[in-house]
Amino acid sequence: MYTNHCFTERQDRTKTDSERIFSIKRYELSKLLPGIIAGMNNKATKVLQTTAKKNFAYSVKTTLNEKAYNIFFKIKKSTAKDNDCDLVIYIESAYVFDEERKLEHSGRIIFLILCQKIYKGEKIHCRK
């Protein structure tokens with residue numbers, strides 16, 4: 001599942017409550033999301049826990065730009081309404097940072113271990 005933050009941006013970047021408008025750059029990058037997410041399904045991919053500790057992030061360089069494409073997501077165990085899946089990943093936002101901004105995180109964890117812990121309802125411990 002994707003939120004509109006994957007293909008929109010704030011009209012006024014100086015205001016956090018600014019109206020969101022369509023972004024062609026974000027839209028073009030968002031088309032890569034299904035393949036990027038599918039590619040995370042391996043033993044080597046590590047994701048970062050955001051400092052807010054409610055989301056995780058994954059950064060990847062794409063063929064559309066030379067900069068890191070930052071994908072912010074959360075994972076939940078599926079419910080009956082989610083049909084035939086065990087976990088649901090919610091892509092909350094995905095974009096390239098402005099030059100001066102860096103991805104802050106409180107720790108990292110292997111993506112498959114994160115999925116396993118969420119499925120089993122276990123506590124998540126990320127290493128610095």
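Student: Why is Glu 28 called partly exposed?

Tutor: In this predicted model, Glu 28 has a relative accessibility of 33%. Buried means under 20% and exposed means over 50%, so a value of 33% puts Glu 28 in between, as partly exposed.

Student: What makes the contact between Glu 28 and Lys 31 a salt bridge?

Tutor: The closest N and O atoms of Glu 28 and Lys 31 are 3.4 Å apart. The cut-off is a Lys or Arg side-chain nitrogen within 4 Å of an Asp or Glu carboxyl oxygen, so the pair qualifies.

Student: And how do you know whether Lys 31 is buried or exposed, or something in between?

Tutor: Lys 31 has a relative accessible area of 47%. Exposed would need over 50%, so Lys 31 counts as partly exposed.

Student: What about Glu 9, why is that one called buried?

Tutor: Its relative accessible area is 19%, and the limit for buried is under 20%, so Glu 9 falls on the buried side. Glu 9 also has a salt-bridge partner: its side chain meets that of Arg 13, at 3.1 Å from N to O.

Student: How many salt bridges turn up in the whole structure?

Tutor: Four, from a search of the whole structure. Another one of them joins the side chains of Lys 74 and Glu 92, with 3.3 Å from N to O.

Student: What makes the Lys 74 and Glu 92 pair a link between distant parts of the chain?

Tutor: Lys 74 sits in strand 5 and Glu 92 in strand 6, 18 residues apart. As for cover, Lys 74 has 25% relative accessibility and Glu 92 has 21%. Buried needs under 20%, so both residues count as partly exposed.

Student: How do you know that strand 5 and strand 6 are paired?

Tutor: Pairing takes at least two bridges, and strand 5 and strand 6 (residues 87–96) have nine, in the antiparallel sense. One place to look is Asn 70, which stands opposite Tyr 95 in strand 6.

Student: And what makes strand 4 a partner of strand 5?

Tutor: Strand 4 (residues 56–61) and strand 5 (residues 68–77) share six antiparallel bridges, against a requirement of at least two. A hairpin of six residues joins strand 4 to strand 5, and Ala 57 is opposite Phe 72.

Student: Where does Ala 68 belong, and why is it called partly exposed?

Tutor: Ala 68 is in strand 5. Its relative accessible area is 30%, and the in-between class runs from the buried limit of 20% to the exposed limit of 50%, so partly exposed it is. Among the residues Ala 68 touches are Ser 59, Val 60 and Tyr 95.

Student: Why is Thr 50 called buried?

Tutor: Thr 50 has a relative accessible area of 11%, and buried means under 20%, so the label holds. You'll find Thr 50 in strand 3 (residues 46–50). Leaving out residues up to four places away in sequence, Thr 50 touches Asn 55, Phe 56, Ala 57, Phe 72, Glu 104, His 105 and Ser 106.

Student: What makes up the nonpolar patch on the surface?

Tutor: Phe 7, Phe 22, Ile 24 and Tyr 27, with about 380 Å² of accessible area together. Take Tyr 27, in helix 1 (residues 24–30). Phe 22 is in strand 2 (residues 20–22), and its contacts include Phe 7 and Tyr 27.

Student: Zooming out, how do you know that the chain agrees with a compact globule?

Tutor: For 128 residues, a compact globule would have a radius of gyration near 14 Å, and the chain has 15 Å, which agrees. The C-alpha trace spans about 40 × 35 × 30 Å along its principal axes, and buried residues make up 37% of the chain.

Student: Which elements does the chain contain, and in what order do they run?

Tutor: There are three helices and seven strands, and from the N terminus on they run β-β-α-α-β-β-β-β-β-α. Of the contacts with a separation of 6 or more, 49% come from residues 24 or more positions apart.

Note on methods:
Residues numbered from 1 in each chain as written. Predicted model: local features only at pLDDT ≥ 70, side-chain atom pairs only at ≥ 80, totals over all residues. Heavy atoms only, no water. Helix = DSSP H or I, 4+ residues; strand = E, 2+ residues; numbered from the N terminus. Patch = residues over 30% accessible without salt bridge, like charges linked within 9 Å, V, L, I, M, F, W, Y side chains within 5 Å. Areas by Shrake-Rupley, 256 points an atom, 1.4 Å probe, with all protein chains shown as cover. Rg over C-alpha atoms; globule rule 2.2 N^0.38 Å. Buried < 20%, exposed > 50% of the residue type's maximum accessible area, 1.4 Å probe, protein only. Contact = heavy atoms within 4.5 Å.
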